[in-house]
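Here are my notes for your first look at this model. Keep the sequence and the 3D view open as you read.

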Number of protein chains: 4
Amino acid sequence: MALRTYEEYLESLRKMKSNIYKFDELIEDVTTHPATRRTIEGHGATYKHYNDEKFGPMITTKSHLTGEPISRYLSIIRSAEDMYANSDMKRLMFQLTGTCTGGHCAGWTALNAMFITTYEMDRDMGTDYHQRFLAWLKDAQVRDITLAGALTDPKGDRTKPPHLQEDKDVFLHLVEKREDGIVVRGAKIMICGVAAANEIFILPGSGYREEDADCAVSFVIPRDIEGLTIVETRHPSDTRDEEDGFDNPVTEGGITQAFLLFEDVFIPNKRVFMCGESKYSLTAVLNFIGPYRAAIGACVAGQGDVKIGAAILTARTNGLSSKVFNEKLVEMHINNETTYGMGIAAAARGKQHESGAWQCNPLLANVNKVHVATLPYRTSNLAQDIAGGIAETGCMPSYKDFESKKYGHLIKKYMKAVYSAESRAKAARLVEWATIGCGVPGCMHGGGSPDGAKLVIRGMANLEEKVEIARKLANIKEEISDPAKKK
Amino acid sequence: MALRTYEEYLESLRKMKSNIYKFDELIEDVTTHPATRRTIEGHGATYKHYNDEKFGPMITTKSHLTGEPISRYLSIIRSAEDMYANSDMKRLMFQLTGTCTGGHCAGWTALNAMFITTYEMDRDMGTDYHQRFLAWLKDAQVRDITLAGALTDPKGDRTKPPHLQEDKDVFLHLVEKREDGIVVRGAKIMICGVAAANEIFILPGSGYREEDADCAVSFVIPRDIEGLTIVETRHPSDTRDEEDGFDNPVTEGGITQAFLLFEDVFIPNKRVFMCGESKYSLTAVLNFIGPYRAAIGACVAGQGDVKIGAAILTARTNGLSSKVFNEKLVEMHINNETTYGMGIAAAARGKQHESGAWQCNPLLANVNKVHVATLPYRTSNLAQDIAGGIAETGCMPSYKDFESKKYGHLIKKYMKAVYSAESRAKAARLVEWATIGCGVPGCMHGGGSPDGAKLVIRGMANLEEKVEIARKLANIKEEISDPAKKK
Amino acid sequence: MALRTYEEYLESLRKMKSNIYKFDELIEDVTTHPATRRTIEGHGATYKHYNDEKFGPMITTKSHLTGEPISRYLSIIRSAEDMYANSDMKRLMFQLTGTCTGGHCAGWTALNAMFITTYEMDRDMGTDYHQRFLAWLKDAQVRDITLAGALTDPKGDRTKPPHLQEDKDVFLHLVEKREDGIVVRGAKIMICGVAAANEIFILPGSGYREEDADCAVSFVIPRDIEGLTIVETRHPSDTRDEEDGFDNPVTEGGITQAFLLFEDVFIPNKRVFMCGESKYSLTAVLNFIGPYRAAIGACVAGQGDVKIGAAILTARTNGLSSKVFNEKLVEMHINNETTYGMGIAAAARGKQHESGAWQCNPLLANVNKVHVATLPYRTSNLAQDIAGGIAETGCMPSYKDFESKKYGHLIKKYMKAVYSAESRAKAARLVEWATIGCGVPGCMHGGGSPDGAKLVIRGMANLEEKVEIARKLANIKEEISDPAKKK
Amino acid sequence: MALRTYEEYLESLRKMKSNIYKFDELIEDVTTHPATRRTIEGHGATYKHYNDEKFGPMITTKSHLTGEPISRYLSIIRSAEDMYANSDMKRLMFQLTGTCTGGHCAGWTALNAMFITTYEMDRDMGTDYHQRFLAWLKDAQVRDITLAGALTDPKGDRTKPPHLQEDKDVFLHLVEKREDGIVVRGAKIMICGVAAANEIFILPGSGYREEDADCAVSFVIPRDIEGLTIVETRHPSDTRDEEDGFDNPVTEGGITQAFLLFEDVFIPNKRVFMCGESKYSLTAVLNFIGPYRAAIGACVAGQGDVKIGAAILTARTNGLSSKVFNEKLVEMHINNETTYGMGIAAAARGKQHESGAWQCNPLLANVNKVHVATLPYRTSNLAQDIAGGIAETGCMPSYKDFESKKYGHLIKKYMKAVYSAESRAKAARLVEWATIGCGVPGCMHGGGSPDGAKLVIRGMANLEEKVEIARKLANIKEEISDPAKKK
C-alpha cells in the first residue's frame, strides 16, 4: 500500500471496533464524534500533506528497510539530520494543527527506543526480539499505520516499587506467559492520540529491578484489541468541542489523552519485544526520553509560532499595530528558538549507536526539557499581554450569543474594532485556545517531569571535573572534597 | 436594615427582574442557575461571615457617615490602615472563594474614586455631586447592597477618540439630558460579578477631552434597570459549571464577566455623579486605578495561597511529601508576598486627600500591577510543576467516567495512590481550576493592562533627578541632556 | 554637644589611636588615607547635611530619651513611620554617596536590636542591662558619635557549634568575667565602615545554646580600644582609591569592610549588654535582621537610582537618547521600587514591642532579602546593557593615559562622542564603579545570606493553613498529611 | 615551520618592536610585563597543548590549503563539525585559562569572514582579493602566528554616518591609495589580546554606504607596524596583576583590550583585502557576527564551568557540602549548556557557502547572543550566592595582610575553616575574579550589543508567516494587516 490517502486513513479507523469512551458513553465513530474528530484531523495532517510540494518532503522519508517512501513517523532515526528533520516536522505539525499530535510522536519515539533496545537484547542474550521488531516495523511501514505510544503507569503509592504495591495492577504487568504469546493486566494512563491511532506501542514505564521483572514488558497492539477499554480524559474547555461555531476556533487539530485499561489482554509473540528482561527496561526508557526531550523543544516552538501569530492577529483586530509590541515579540521568538535550538543541539552532539540508530545527547536534551517546562508559559503570558483582556481568559460572549436574534447585533456592534467582530472574536479565541484552552498540551510533564530532567542533569554534571578546573586555575594544592552535608 | 443575612441577600437578587443572558438564554433565577450561582455564592461570602468571630471584623467596618457597622465593601478608605484592611479582606475573599469576587471589588473602588472626584467637582464648580453621592452612599450602606463597578468601554477603533468613531456608541455616552435625569447609550464590557450585584456603579472608561464630553458620565443603577441587557461572557471550562460532580471542584465561588448593553437607559439625577465634565473623567479613572492596582496584589496573593495548598494536596495524594518541593514552595510564597507587600507599600506611602479619602502611592501601585501580570503566572507554573501530569491540564477522566457502571471501578482503582481516588482527583482538579480552568481571573488586564502601568511608571520615573544624582557623584561638569533619538 | 559639624566629626576620628591596617601598613590618619577617606566622606554625609533644608529632616529626628534633635542613626525605631524614614534616609545616603554607609546602618540596627533584647532580659531576669544600655545611648546621642555594628564571627568549621571547634576563638567569646567588666577574645569579620566609626556595637553572631553561652556577648567599644587590631579587606578595584584622576570616579563615598581581631580585650560593665545569657542571643539576632532586611531594600533602590542615572549619562555621552532604552529603564525602576516597597511593607505590617520599639514583619522583610540578592544584579546587568562596551568592564585607557603627553590627545579625540571625552569617561567609569567596581556593596550576603532568608520564609509559610484552605474549597473530606519523603 | 613551541611563540613576541602602553608607560617586554604576561600565557595555551593527547586534537586541525596540521585558530570553517570543534575549543580555552583569549577568537573569526567576503568580491568584480587572502593565510598557517582581530571604530557622534562626522578619523579610513599599498588613519578600540598577537586582522566596523566608502577597508598588519600606537585599557582590579600573591589568583590567563591608534599607517597591497568596496562591508560584518555570536555561547559556558568549580571549592573550604546547593548548581549547568547548545544549533542549521565556508544560522546565533548577555550574569549571581560573603566582593584582607608579620597569623587563624586558610582565600578570590574581577570578559557587548542582536532577530522573525499560520487555524477570512501604529 505504502503511503495512504487521508480518506484511506479515516476508513481504517472506521473499520475498527469501538472501545473508546468519554463521559461514560461509547464513541461509535471516532472520525465524526466531537470528542475525537479533531485529534484525527490533526494526526491525519500527515496523510493530507504527503503530496504537498513544500510539506511532503518534511513528513516523508525513505525506509532504510525497504527503500520505499514512508511516513517519517514510522522511520528509524539514523543521523543527526534525521533528528533535525524530526524537529522540523514536529514544528510543522504544530503550525498545521495548532497543537500536539502526540500519538504520532510517542509512537514513533517508542519504536525508535525499542529498535535500539531489542538490538541490545539480541546482541547480549541471543534472543530474536530485534527480528520480530523489524518484521513488524516493515509491515507497519507498508500499511502506513498511525501509531501511538504508551509508557506511563498509574504507579499507585509512589514510595513503593511494583512488587510492594497493595494492588499489583497499578503497574501494567505480565499475568501469563503462553506458548503463543503473553497476557497482561493493568493500565497505561494519560496516553496521547490513541483515538487517531491504528496501533499502540507499549513500553515499560520506568527502569525496573529483577523483583519487578513482570513489569518489564513491551509490545504493540491494535487499538481495538480484545480486553482493552479506552477512556478519554478531559482537557480545559473540552465541551466546546461539541459546540457549533468558533468558541473552539480550531477544527484542524486537537489533543486527546486517554486511560488504557488492560483486562487480561493477550498479545501474540511476534508483537512482543520485551517480556521480563528487567535490565533492559531502563534502556528502553532512556532511549525514549532522549529523542523525545530533544524534539519536544521544536513542538513548543511550533506552538509558540501559533501564539505569536494569534497575538498579533488579536492586537490588529483590536486596532493596534504589532509594532508597539516589538520587545515582547522578540522575547517570544527567543523563547521559541531556544527550545527549538536546544533540541537541534542535542541531536547535533549525539552519537551513532551500533544498531545504526542515532542517539541524542542526553545532557542537552534534558536541559531542553527544563526549558520546555517554563519558556512556553512565559510565551503564553506574553501572548495574553499583547492580545488584551478579551483573549486573556476569552472574556467574550459565546458564539450562541453572537448569533442571538435578540441581542446578537449588539454583541457584534461592540466587538467590532477595525476588522469584523467575527475576525476579532476568532483571533482572541485562538489566543485563549492556545494559552488557556483546548489547545494547551501537557508539555510540562509529558515525557517526564522537569524535576526528573534536573536529576539527569545533576547526574551528568561532572562536578568534580569542574572543581579540578577551578582548583588548577587557582593554584590550590590540597584536594578539596565535600565535607559532611550540613547547612 | 444594616447588615443583611445571606438569605436576605439571595432574596434581594431573586426579586429583581431577569435581564441576564448566557448562551442566548435568559437566566430566570441567578441564585440557582449554574452560570451564575457560584459567583453569587462567592460574593455572598461577605454576608455569610459577617458574624464570624475571625472573619467578621475583616469584612465589616464602621461607616464614617452613620457610625453604624457596614460592609467594608461600602466604606470610604480614609487611612493607610483602611487600605491594609482592604488588602487583607481581598486576600481572605480569595481564600474563602478560590477566585475573584470582582463585583464587590470594582464597585467599591468605583465609589471611592467618585467620592474624591465629586468632592473636587463641587469644590471647583459649586455643583452638588458630592452631596448626591453621599446621600446615595448612606442609603446603600443602610440597605447593605452588593455593588458592582463598570469602566471598560468597547472602544471601537483604538486609533481614534470617541468623537471620531464611526459608531459613536462604542463609548457609553450621553444621549439626552432631561430635567429629571439623563439618558445614556452604549456598552460596558467585561464587567465582573454583575449577576451577584444589586446595583452597578458606572465610571468613565478613560480620561476624555472637551470634544468627548458626552462620554464623561458616572452614575449608579439597579442591575435590572429598564433598557439594560446583560450578556455573560465565557470563561475557560465554563460549561463544567453546569455539570454534576467535582470536575468543577469549587462550589463556593466563581467568576463572571459580562457585557452590559445600554439601549437608551434613563438615570434619575440623584444617581448621576458626572455628566459631561470631561476634565474630571481622568480624575475618576486615576482614583480608581490607585487603590485597585494596589489591592489587586493581595487578591493574587490569596489566589496564590490556594495554588500552594492545592499543589501540596495533589502532591500528597500523588504519594509525595511536600518537603521535596521546598524550593518551589518558597518561590511561590515569595511571589505571593511580593504582590501582597507592594500593595501594602503603596498604601503606606499614600496620602490624605482633602476630602478625607486616602490615596495610594501611584508609582508603587503601578509597579505592583506589573508584578500582578507576571508573578501569578509563575506561581501557576510552579503549582503545575509540583502537582504533576494529572493537574497540568486536568488529564483525568470526567466525573461521569469515575461513576461509570461499566468501568468506573477501574478508573478509581488506577487513580488511587495513597489517599482515595476521589481526593486525588479533587485536588488535581483544584490545581487545574486555579491555573488553567474556571478559577483563573483576568488579573493581567483587569483594571488596565501592564503596558498602561508601565506608562505610568515611566511618567513618574523622574529620570532627570537620577541623572543629576549620578552627574554629581561622577563630578561631571557639563549639562548632559538627551541627544536626538536614533539607534 | 548634640549635632556635630563635619569638621568636629573628622577631628574626633583624628584624635583616636591608630589601629587600622591595610596592605600590611598602619593607617596613620584615616581621614586622609586613600583606603579610608572615601568611607569617612560617605559616613560623614550625615554631618554635612544636618542643616540642609531638604535632607536635614530626613537624617535627624528627636530623641525619645532627651527630646533633643539627634542623628536618626542613633534613634530608637518606635513606629512604622520611623521605619519609613529609615528607608528614605538609607536611599538618600546611597544617592548622596553612591554606595553603602554600612557603619551607620549596622551600628544603628544593632543598637535597636539590643534595645529590645536588654528590655526583655531585664523583664525576665531582673538584670539592669536595659538601664546600662539607655545610659550609654543617651550619652552617645549627646556626643553624636558615628557607630558601627559587628555580628559575623569567622565560624571555623561550619558543621560544628562553637564548643566543638578545634580553635575556640573562631567565635568571639568570653575569656574572663571580672568584677568591673569582661575580657573577650576572637574576631568579627567583614565589618562595614569601622574606619568611619567612633564606636563599634558588638552583637552575638547567631543564636547559641547553653553550651555555647560564652559566645552570647554584646557590648559597645571605642574603635581604638586596647587589644583590638583592625585589618581592612580588599574590594574590587580598590587600588584605584590610591590613584589620582577619575578612574575611581566617586570621591564622596566608598565602602570598607574589616576584620576585627580581639586579643583579650577588656570591656567595662557599663558597656556590656549581654554576657552569657545564651537564650537571648537569638532574640538579638532576630531583632537585628528584622529592620536590617526590611531597610536594605531601600539601600539597593538608592544604588539602583545611581545606576539608572549613570546608565543614562553614559548613553547620552555615547550619543544616544535615553528614550531608546525605555523598556529597560522601566524594568530598572520596577526593580528599585520593589525592594524599596517590600521594606516599606515589612514596616507597615510590623508591630509594637512592649519596650516601645517597632518590629518589622519578618516574613515580608525576609522576602525582601531574597529580592535584594537578585534584583540589583539584574539592574546592574541592564545598566551595562544601556551603557555599552566602555562601561561593561570599564574598557577605556586609564586616567594616566588620558593625560599622556605622548598620546593623550588621541585618546581624548577618540573618546569624544557628543559631549566631552572626560564626561563620557566619567559616566562610564561610574557605571563600572557601581556595577563591577569599588562601589559594589556586599548586599547579597550582608546581614545574612538569601538562603538564610529562605529558611525563615519556609519557617513562617504556614503551609498547613494553605492546605486547609484548598481542602475546604475542593470539598475533600479526608485529612491529607505528608506521606514519607521520597522522590 | 608549522606548529610552533610555546617558547618559539614567546620568542616571536619578544622580537617585535615595543608599541604598547599602559598607565602612560611603554611596555618593553610584553611576555614579562604584569599588564600583558597573563594574556600571553592564556593565548599561549594553544602552543602549550599542541602535543597534549587530549587537548591537542581539539586545538589543531588540518589545513585545507596545505594538508598540514595547523592551529585551528588559523583554519577555515568548512562544515558544521568545524563549528562544533570551534565551540569545544573555545570552551576548553576558558577552562584552561579561566577567561577570554579574545585575540585568537576575533582574529580567527575575522579571517573567516574575509575568506567569504573576498571570494564574493572576486566573483562579482573580478578582483584578486581572495588570492591575496589565501596567499597570506597559507603563509600565516606555516608561520603559525597568533592573530588578533579588530572591528570596532570609535564612532564619534552616533547619530551621524562617517562622512557627516566633525572629525573624520572617528572611523578608521583610507587616507591615500598608492601604487604599492594604502595609507589609513583613525582608530580601532576595545580590541582583545593584541599584546599576545603577532598580527592583527582589520575589518570594517559596520556596513557602509557609498558615501562612506573610505571606511570600507580590511587588511592585516604586524602588531608592531610603523605608525601604530597601542594603549591597553583598564579592567576591574587590574592593578592586582602587578601584585605578588594570590589576590589575582590566576596566572595562566588574563584578558586585555586595547585602543589601536593609527597615525597614517601604510599597508602593502598584498595585505589589503578590501579598499573602498562599500557594498561588501556589510558582508564582512555579517560573516563575522555569525560564527562569533554562535561560538561565544561556548566561551561563556567554559567560563560558567569555572564559576561552578570555583563556587563549589569555596563552599567546601567554607565547610559546606556542595549537595546543599544542588538546585543552584543545576541552574548554573542549565545556563551553561543553553549558551553552549544554542551555538551548536546555529552551526548545525547553518549552510555551505559557495566558497566552501560554513555559515551559521543567523537567527539562532543572534538568539544566543541575547542569552550570552544575561545567563552568565545569573550564573555569576549564583556563584556568589553559593560561595558566600568572602567571595561576593572578595571581602578578605590582601595577600600582604595574610603574610603580615604583625597579624598574618591571626588572619590565617580566622580564615581557616575545614581546609587551609590559603585554599579558602584562593577559592574565594577565584569566584571574585570570575564574577566581579579581572577575569570578567566583556561578553555582553563584545561582538556587538544584545540590542543589535534583537534587531537581527526581529528582522528575521517572519511575523507575517506566523500571522498566516494563525489566521488559517482560526478560519479567519479577512486579510489582517497592521493598522497605523498608535498605543
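1. Where in chain C is C:Glu432 found? The residue sits in helix 15, residues 421-436 of chain C. Bear in mind that this is a predicted model.

2. Is C:Glu432 buried or exposed? C:Glu432 counts as buried, because 33 C-beta neighbours lie inside 10 Å. The cut-off for buried is 20 or more. Now look at the partners of C:Glu432. Leaving aside neighbours within four places in sequence, C:Glu432 is in contact with C:Ala391, C:Thr393, C:Gly394 and C:Gly437. Also check C:Ala310. C:Glu432 and C:Ala310 are 122 residues apart in sequence, yet their C-alpha atoms are 9.3 Å apart in space.

3. Stay in chain C and find the open sheet of four strands. Its order is 5-8-9-12, and the pairing is mixed. Strand 5 (147-150) and strand 12 (272-275) stand at the edges. Each has a single partner strand, so one side of each has no neighbour in the sheet. On average, neighbouring strands of this sheet are turned by 20° against each other, direction ignored.

4. Look inside that sheet at one pair. Strand 8 (residues 199-202) and strand 9 (residues 217-222) of chain C pair in the antiparallel sense, over four bridges. C:Phe201 stands opposite C:Val220 of strand 9.

5. Which helices of chain C lie across these strands? Helix 6 (residues 102-125) lies across strands 5, 8, 9 and 12 of chain C. It runs at about 70° to strand 5. Helix 7 (residues 129-143) lies across strands 5, 9 and 12 of chain C. Helix 7 runs at about 145° to strand 12.

6. Next, a contact between chains. Helix 10 of chain B (residues 362-372) packs against helix 9 of chain C (residues 326-348) at an angle of about 110°, with the axes 10 Å apart. That makes the two helices roughly perpendicular. From helix 10 of chain B come B:Leu363, B:Leu364, B:Val367 and B:Val370. They meet C:Ile334, C:Glu337, C:Thr338 and C:Gly341 in helix 9 of chain C. The residues of this contact divide into five nonpolar, two polar and one charged.

7. Finish in chain D. How many residues lie between strand 6 and strand 7 of the hairpin there? The answer is three. Strand 6 (residues 173-177) and strand 7 (residues 181-192) of chain D run antiparallel and are joined by four bridges. For D:Leu174, the bridge partner in strand 7 of chain D is D:Val184.

Notes: Residues are numbered from 1 along each chain as its sequence is written. Chains are lettered from A and ligands numbered from 1 in the order in which they are written. This is a predicted model: local features need pLDDT of at least 70, side-chain atom pairs count only at pLDDT 80 or more; totals for chains, interfaces and linings use all residues. Axes are lines fitted to C-alpha atoms, for helices over the stretch in contact, and angles run from 0 to 180 degrees between N-to-C directions. Angles under 35 degrees count as roughly parallel, over 145 as roughly antiparallel, 65 to 115 as roughly perpendicular and the rest as oblique. Two residues are in contact if their C-beta atoms, placed from the backbone, lie within 7 Å. Ala, Val, Leu, Ile, Met, Phe, Trp, Tyr, Cys and Pro count as nonpolar, Asp, Glu, Lys and Arg as charged, and the others, Gly among them, as polar. Two strands pair if DSSP finds at least two bridges between them. A residue is buried if 20 or more other C-beta atoms lie within 10 Å of its own, exposed if 12 or fewer, and partly exposed in between; C-beta atoms are placed from the backbone.
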